[in-house]
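The tour goes from selected ranges to the whole chain.

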Amino acid sequence: MDRLIFDSEHILFRDTVRHFMLTNVAPHAERWRRDGMVDRAVYRQAGEAGLLCLWAQADVGGAGIADLRFDQIIIEENIRHGETGFYIHLHSNLVAPYIDRLGSPTLRARLMPGIVAGDTILAIAMTEPGGGSDLRAVQTRAIRDGDGWRLSGTKTYISNGILSDAIVVVARCRDLPGEPIGLFLVERDMAGLSRGKPLKKMGLASQDTAEIMLDDVHVPADNLLGDPTAGFGTLMRFLGTERLIAAIASIAAAQVALDLTLDFVRHRRAFGQAIGQFQHNRFRLAALRAQIDAVQAMVDQLVLRANAGSLEGGDAASAKLLASEVESQMVDLGVQLHGGAGYMDEYRISRLYTDARISRIFAGSNEIMLEIIARGMDLDTRS
Ligand SMILES: Cc1cc2nc3c(=O)[nH]c(=O)nc-3n(C[C@H](O)[C@H](O)[C@H](O)COP(=O)(O)OP(=O)(O)OC[C@H]3O[C@@H](n4cnc5c(N)ncnc54)[C@H](O)[C@@H]3O)c2cc1C
């Protein structure tokens, strides 16, 4: 289905991004998967190409382009031609806005230029060994220390956990009334910060997911992000965009899986015909074609809503839920129709399959997405 949200400048931009992915990312992807992480250099190259934090203002080196369609194109091209473990969107769209919008003017001026240039790589640490869905139950503690803070606790499953130079940490402010949740920026050279080895995972082999330990880390007052009593509300606001970004990535992966599968079933033969010609397979592919198009239309619509500043959390949750479910169905069918080849690492569909499994769990699990959607349905009102 033709997508109507892109203008000629987006189409030209897509060519530039595709060239970047084919030149700077794809040739290294296999080695990165063996190493369990991408090269730091790729962030710098993306910065030089003007592909990081497009939305950032000129005073910190950005292009000031607050149009999510450009970010959407970067995500789509990275999934189609780059490498899924290169978390360019985590850096640019999920973490950098916390620093740009909530950081003090001095913190912003000190860090944002390096973030836009790709010298400073970012991560966000919410999840703990004790749980990730229930963010109100965070145990990592922040205690006042003069006009700064001391942070202690353990975070797990943190994307960019090894490469990151600056980490937004979610912590409970123990000595403030009600022990509210605050957001703090922990930097690479702070004493007491340590990291585990990259965690071995089912998929996303080139993504350095890791544990992060904070042992009485002194965080200066300037590294507090926003009001320490309002961190939970801030997270809820920012997580809406995170879910739309997750939906963009999931539906892009579904599209790639469909294209790879169509290509395969047109050529692979059994019983004297291409396997795509069996009615059973044609119908299953047709049903997914229809679902992918429908969810893509929804995602594109929400991208325009985000541009207009009217993205609703419940709508973002719906898109994340549907896109990740369709992605799962499509990669499963893709592997099935590839037969034994679909189980081989050499065929990309096998990696799309293992990469996809996390989409229903992270950025808020799909059960939490249902919870968010249900909350907006007025079901708890008693008559
Ligand atoms: C590859 C990868 C990358 C990640 N990157 C990051 C990152 O960069 N930063 C970060 O902070 N975290 C990250 N995470 C963590 C991820 O966000 C969490 O795993 C996720 O939020 C779920 O938390 P949990 O694993 O603690 O599961 P739990 O919260 O223990 O949940 C377990 C199960 O219970 C279900 N459940 C929980 N509550 C309810 C409910 N109310 N109703 C119904 N079912 C419920 C969940 O849906 C899930 O199925 C990453 C995880 C992975 C695997």
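This is a predicted model: local features need pLDDT of at least 70, side-chain atom pairs count only at pLDDT 80 or more; totals for chains, interfaces and linings use all residues.

Next, select residues 123-217. The annotation in UniProt, again from an unreviewed entry, reads "domain: Acyl-CoA oxidase/dehydrogenase middle". Here the chain is 51% strand and 0% helix, and its end C-alpha atoms lie 17 Å apart.

Now clear the selection and show the whole protein. Its secondary structure comprises 11 helices and 9 strands. The C-alpha trace spans about 80 × 60 × 40 Å along the principal axes. The radius of gyration is 21 Å, which agrees with the value near 21 Å for a compact globule of 383 residues.

Colour by burial: 54% of the 383 residues are buried. Then display contacts between residues at least 6 apart in sequence; 76% of these join residues at least 24 apart.

Finish with the surface. The protein exposes about 17,400 Å², of which carbon and sulfur atoms supply 52%. For the charges, select Lys and Arg as positive and Asp and Glu as negative. There are 41 positive and 48 negative side chains, and the centres of the two sets are 4 Å apart.

Definitions and conventions: Residues are numbered from 1 along each chain as its sequence is written. Side-chain values use heavy atoms; hydrogens and water are left out. Helices (H or I, at least four residues) and strands (E, at least two) are DSSP runs, numbered from the N terminus. The radius of gyration is taken over C-alpha atoms; the globule rule is 2.2 Å times the number of residues to the power 0.38. Buried means under 20% relative accessible area, exposed over 50%, partly exposed in between (1.4 Å probe, protein chains only). Contact means heavy atoms within 4.5 Å. Accessible areas come from the Shrake-Rupley method with a 1.4 Å probe; for residues, only the protein chains shown count as cover. The place of a charge is taken as NZ of Lys, CZ of Arg, CG of Asp or CD of Glu. UniProt positions are given in the numbering used here, feature names are shortened, and annotations may be inferred rather than shown by experiment.
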